[in-house]
Amino acid sequence: MPLPELLIYNTFDLPRAMIFVDGENLAIRYGNMLKARGTMPYPDIQYEQNVFVWRKSWGNLTQGRPAMMRKYYYTSVQGDEALIRDIEERLKDAGLEAPRVFKKQNQGQRTKGVDIALSTDMLLHAARKHYDIAILISGDADFIPLVEAVQGEGARVHVWSLSDGLNPKLKAAADEFRVLDDYLFE
């Protein structure tokens, strides 16, 4: 018996999405929340202090709608090229197809290359119409002009963030918003 027409869909008919993760910011915020809660990461969460945090199941947060085209992850680490390659491989093993790991010059300082690369990639893909929805994982107000520029290209922007460090103006600029606390602290 054939399926009713309403249940048949082609993945090419779904909106296309890309995830852009300010991983350095996410890892710092997550570390702050771990410390404040006096807890350790759950076993299925991959975490490197101040460098990255990711849960493999996050690739399925959209549950297949929209169709996920690619997941970009931007972070930095203080160390040599071997450590940078190791972090890139760990991020790929976690299900992130496009990790961008920058060399950090000083411990404790954020790397502007992370924000610049994320902004460039997100806006370039929007201008080329590679996605319909950008999912920005960050709470940083520095991304408000980026959100507005991407929206100006006709794409929707969903912001996902931890509650720690979330700028309310970034939340207000987003087309949709999701708090990630429950996905990391069940």
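User: How many cavities of 30 Å³ or more does a search of the whole structure find?
Analyst: The search finds 1 cavity of that size. Please bear in mind that this is a predicted model.

User: How much space lies in the largest cavity?
Analyst: The largest cavity holds about 60 Å³ of space.

User: And which residues line the largest cavity?
Analyst: The lining consists of Asn25, Leu26, Arg29, Ile137, Ser138, Gly139, Trp160, Ser161, Leu162 and Asp164. Helix H1 (23-37) and strand S7 are the elements that give two or more residues to this lining. The largest share, 3 residues, comes from H1.

User: Two of those names interest me. What is the bridge partner of Ile137 in S7?
Analyst: The partner is Trp160; both Ile137 and Trp160 also belong to the cavity lining. Strand S6 (residues 133-137) pairs with strand S7 (residues 156-161) in the parallel sense, over 5 bridges.

User: Let us move to the whole sheet. In what order do the strands run?
Analyst: The sheet is open and has 6 strands, in the order S5-S4-S1-S6-S7-S8, with parallel pairing. Strand S5 (98-103) and strand S8 (176-179) are at the edges, each pairing on one side only. From one strand to the next, the twist averages 15°.

User: Which strands does helix H2 touch?
Analyst: Helix H2 (residues 81-93) packs on the sheet and touches strand S4 (67-77) and S5. The direction of H2 makes about 155° with that of S5.

User: And helix H3, which strands does that one touch?
Analyst: Helix H3 (residues 112-127) also packs on the sheet, where it touches strand S1 (16-22), S4, S5, S6 and S7. The direction of H3 makes about 170° with that of S1.

User: One last topic, Ser76. Where is that residue found?
Analyst: Ser76 is found in strand S4.

User: Which side chain does Ser76 join by a polar contact?
Analyst: The side chain of Glu24 does so, with a polar contact of 2.5 Å between the two.

User: What else does Ser76 touch?
Analyst: Leaving aside residues up to four places away in sequence, Ser76 touches Glu24, Asn50, Val51, Phe102, Lys104, Thr111 and Val114.

Note on methods: Residues are numbered from 1 along each chain as its sequence is written. This is a predicted model: local features need pLDDT of at least 70, side-chain atom pairs count only at pLDDT 80 or more; totals for chains, interfaces and linings use all residues. Side-chain values use heavy atoms; hydrogens and water are left out. Two strands pair if DSSP finds at least two bridges between them. Helices (H or I, at least four residues) and strands (E, at least two) are DSSP runs, numbered from the N terminus. Axes are lines fitted to C-alpha atoms, for helices over the stretch in contact, and angles run from 0 to 180 degrees between N-to-C directions. Contact means heavy atoms within 4.5 Å. A polar contact is a pair of N or O atoms within 3.5 Å; within protein, one must be able to donate a hydrogen and the other to accept it, and residues adjacent in sequence count only if both atoms are side-chain atoms. On a 1 Å grid over the protein atoms alone, a cavity is a set of points where a 1.4 Å probe fits but cannot get out, and a pocket is an open set with protein on both sides within 12 Å along at least five of seven lines; lining residues have an atom within 4 Å of a point. Grid points are joined across faces, edges and corners, and a volume is the space filled by probe spheres set on the points.
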